[in-house]
Amino acid sequence: MTLKMRRHAMKLILPNDPAIRTMGRIDDTDPEHPVWVYPYTQAAFQFTGTSLHMRLINRRHYGGSHIGVYLDGQLSKIPIPEDGTVVTLRLADHLPDIEHEVVVYKRQDGQHYCQIEGFLVGDDAAIKGIPDEPYQRRIEIFGDSVSCGERNEASLYVGKADPEADLSSYSDSWRSYGAIAARALHAQLHDVSQGGIALLDGIGWFCEPNQVGMETMWKSMQYNPELGGTTPWDFSRYTPHVVVVAIGQNDAHPADFMAEDYMGDLANHWRSRYVDFLKSLRSVYPHAHIVCATTVLQHDPAWDHAIEEAVQTTGDNNISHLVYSRNGSATPGHPRIAEHEEMAAELVNHIESLGSMIWQTR
C-alpha cells in the first residue's frame with residue numbers, strides 16, 4: 001500500500017548501502033537505482049526500530065505485482081499498487097523496538113521489473129549487515145514457471161488444474177523447489193526463470209506470438225521486450241558450482257512435436273539445439289555440474305527421452321539427468337508448495353549423490 005510520509009519521521013537507506021547483502025542477477029548499472037528482474041532476487045540486512053518501508057518504481061507487463069518479505073522468520077507479501085512512479089510500501093509497522101532481520105525479495109518473474117529506490121527505517125534506527133558469512137556454495141537454475149514458483153500458493157489445487165483466475169498474487173519464488181533446495185544445501189541461488197518460456201525463440205508461451213526463448217534469456221540481464229530492450233549479463237559476476245536446466249515443458253506449445261513425431265525434423269532440431277545450449281553453458285561454466293530435468297508438471301515423457309538423449313550426446317561426464325519420482329505425472333496444473341517441497345528433496349538428494357567435490361571453490 002502507498003504511504004505519504006513525513007521526511008523527518010524516517011530515513012532513507014540507499015540500495016547500495018554496504019550493510020545490505022544482495023543476491024540474484026541484478027542490473028546495477030546505476031548502483032543507487034538497481035533493477036530487480038528475476039525471481040528470488042533479494043536484499044538482506046538487520047535493522048532496529050518499529051517500522052520498515054521500501055521505495056521502488058515498478059514496470060509491469062501483465063498480472064499483479066508483489067514484493068516478498070521474510071522478516072524475523074515470517075513470510076508476507078506486499079502488493080505494488082502503481083506502475084511507473086515512485087511508491088512507498090509498508091513492509092512492516094508496529095514492530096517491537098528490537099533488532100530485526102529481513103530478506104526483501106522478488107516473488108515473481110519478469111512479468112514486472114522493480115527499480116529499487118531504497119529502504120526506510122526510523123530516524124533513530126540502525127541498520128547493519130547480517131553477521132553470518134554469505135553461503136560459499138552457488139547454484140543457478142534456468143527454468144520456466146515451475147522454477148519461478150508460479151501459482152504455488154494455490155494450496156487447495158494440489159494435484160489439480162489451475163483455476164480460471166489471475167493467480168499472480170499466489171506466485172512465490174521463496175517457496176519454489178530451487179529456493180527450498182538451495183537453502184537446504186546452504187547455497188546461494190540465481191533463479192533465471194520465466195513463466196511460459198521454452199528453449200527456443202518462437203515457441204512456448206512467453207511473449208506470444210513473438211516468443212522469447214531461453215536461448216535468448218539465459219545470457220541476458222533484462223530480456224522482456226515489453227519492458228525495454230535486451231541487455232547482456234556479465235557471467236564473470238557469478239560462477240555456479242551446480243547449474244539446473246529445467247526446461248522442456250512449454251516447448252510443446254503450439255505443437256507437441258516431440259510426442260507426435262519423435263524422429264521428425266522439428267524434434268531432431270530441438271534435441272540438437274538443446275545440446276548446443278548445454279555446450280554454451282559449458283563454455284561459460286567449464287567446471288560446473290549441470291543437472292538436466294523437467295518437473296512433476298504433467299507432460300509427455302517424450303520430452304524426458306529427448307533430454308536423456310541430448311545429455312548422452314554431449315559425452316560430458318559432468319552433466320546428469322534427474323527424473324523425479326512423479327516426473328511429468330503429478331499435476332495438470334502448476335505444482336503447489338507441497339509438490340515443490342517434494343521436488344526440492346529429490347533435487348537435494350541428487351546433488352548430494354554427486355559428492356562433495358562439486359562444491360570445491362573455482
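In what order do the five strands of the open sheet stand, and is their pairing parallel or antiparallel?

Analyst: This is a predicted model, in which local features need pLDDT of at least 70 and side-chain atom pairs count only at pLDDT 80 or more, while totals for chains, interfaces and linings use all residues. Residues are numbered from 1 along each chain as its sequence is written, and side-chain values use heavy atoms, leaving out hydrogens and water.

The order is 14-13-15-16-17, and the pairing is parallel. Strands (E, at least two residues) and helices (H or I, at least four) are DSSP runs numbered from the N terminus; two strands pair if DSSP finds at least two bridges between them. Strand 14 (187-193) and strand 17 (319-321) are the edges: each has a single partner strand, so one side of each has no neighbour in the sheet. On average, neighbouring strands here are turned by 20° against each other, direction ignored. Angles run from 0 to 180 degrees between N-to-C directions, with axes fitted to C-alpha atoms, for helices over the stretch in contact.

Within the sheet, four bridges join strand 15 to strand 16 (residues 289-292) in the parallel sense. V244 has V291 of strand 16 as its bridge partner. Helix 6 (residues 302-314) packs on the sheet, touching strand 16 and strand 17, and its direction makes about 160° with that of strand 17. Touching here is contact, meaning heavy atoms within 4.5 Å. Helix 2 (residues 177-184) lies across strand 13 (137-143), strand 14 and strand 15, at about 165° to strand 14.

D251 is buried but has no salt bridge, and R273, the nearest side chain of opposite charge, is 10 Å away. Buried means under 20% relative accessible area (1.4 Å probe, protein chains only). A salt bridge puts a side-chain nitrogen of Lys or Arg within 4 Å of a carboxyl oxygen of Asp or Glu; Lys and Arg count as positive, Asp and Glu as negative, and His and the chain ends are not counted.

The D251 side chain does reach backbone nitrogens: that of G248 at 3.0 Å and that of Q249 at 3.2 Å. Beyond neighbours within four places in sequence, D251 is in contact with A198, L199, L200, I203, F257, W270 and W303.

How values were computed
Buried means under 20% relative accessible area, exposed over 50%, partly exposed in between (1.4 Å probe, protein chains only). A polar contact is a pair of N or O atoms within 3.5 Å; within protein, one must be able to donate a hydrogen and the other to accept it, and residues adjacent in sequence count only if both atoms are side-chain atoms.
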